[in-house]
Amino acid sequence: MFLLFSNSDGLGDPKSLYPSEFILAIPPPPHVNRHIALLCRERHILCNCIDAPAEGSFIVPAVARSGSMALALSTGGASPALSRRWKGELTTWLEARQKMVRLMGRLRPMVLALHDETGHNTALFRALAQSPLQDHLQQGDRQACLRCLQALLPPKLHDRIPELLDVIA
């Protein structure tokens with residue numbers, strides 16, 4: 001349960017904070033939010049002060065999501081408008097990388113099933129992450145993806161490349 005606290009007439013009744021698990025202190029006025037944050041700290045209740053993040057005990061960042069990926073962004077209260085704008089830009093950025101995430105999600109269990117040494121697997125995944133594969137996937141260039149995967153993957157996985165490339169629609 002949480003309480004949305006925006007009593008602008010006074011400092012409110014501290015009893016009204018219970019049985020809340022967290023509080024959102026909404027402006028105005030700032031002195032009320034400071035008081036609410038103090039009461040919450042004393043009672044070990046999480047509190048978010050929207051216009052004064054430093055007063056609270058947690059922030060609510062803008063979260064850009066695409067598929068299984070998420071990025072959180074905060075301007076520390078300096079500009080929610082910028083956070084909103086950049087959230088949109090980050091969402092677009094993430095969407096462009098979904099094919100790579102899906103391919104790596106399919107590939108990882110295949111590689112781990114080979115039971116190679118961890119160091120070998122780490123080197124392989126890093127090589128794939130640094131390769132031009134992501135760009136080839138974004139461009140839908142199946143042949144370039146095929147060449148890249150053949151060059152990097154262990155020969156035991158070459159017959160699985162076509163199913164990896166199903167991410168290209």
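User: First off, how many helices and strands does the chain have?
Analyst: There are seven helices and five strands. Keep in mind that this is a predicted model.

User: And what pattern do they follow along the sequence?
Analyst: Reading along the chain, you get β-β-α-β-β-β-α-α-α-α-α-α.

User: OK, predicted. What's the average pLDDT of the chain?
Analyst: The average is 85, and 83% of the residues score at least 70. Residues 1–11 are below 50, though that stretch still has 33 contacts in the model beyond near neighbours in sequence.

User: Switching topic: at what angle do helix 3 and helix 4 pack?
Analyst: About 160 degrees, with the axes 12 Å apart. Helix 3 covers residues 98–112 and helix 4 covers residues 118–130.

User: So are those two roughly parallel or antiparallel?
Analyst: Roughly antiparallel, because the angle is over 145 degrees. Helix 3 makes a right-handed crossing as it passes helix 4.

User: Which residues make that contact?
Analyst: From helix 3, it's Met100, Met104, Leu107, Arg108, Val111 and Leu112; helix 4 brings Asn121, Leu124, Phe125, Leu128 and Ala129. By class, that contact has nine nonpolar residues, one polar and one charged.

User: Back to the whole chain. What share of the residues is buried?
Analyst: Of the 169 residues, 33% count as buried.

User: And what share of the contacts links residues 24 or more positions apart?
Analyst: That's 42% of the contacts with a separation of 6 or more.

Technical notes: Residues are numbered from 1 along each chain as its sequence is written. This is a predicted model: local features need pLDDT of at least 70, side-chain atom pairs count only at pLDDT 80 or more; totals for chains, interfaces and linings use all residues. Side-chain values use heavy atoms; hydrogens and water are left out. Axes are lines fitted to C-alpha atoms, for helices over the stretch in contact, and angles run from 0 to 180 degrees between N-to-C directions. Helices (H or I, at least four residues) and strands (E, at least two) are DSSP runs, numbered from the N terminus. Angles under 35 degrees count as roughly parallel, over 145 as roughly antiparallel, 65 to 115 as roughly perpendicular and the rest as oblique. A crossing is left-handed if the near helix is turned anticlockwise from the far one by less than a right angle, and right-handed if clockwise. Contact means heavy atoms within 4.5 Å. Ala, Val, Leu, Ile, Met, Phe, Trp, Tyr, Cys and Pro count as nonpolar, Asp, Glu, Lys and Arg as charged, and the others, Gly among them, as polar. pLDDT is the predictor's confidence in each residue, from 0 to 100. Buried means under 20% relative accessible area, exposed over 50%, partly exposed in between (1.4 Å probe, protein chains only).
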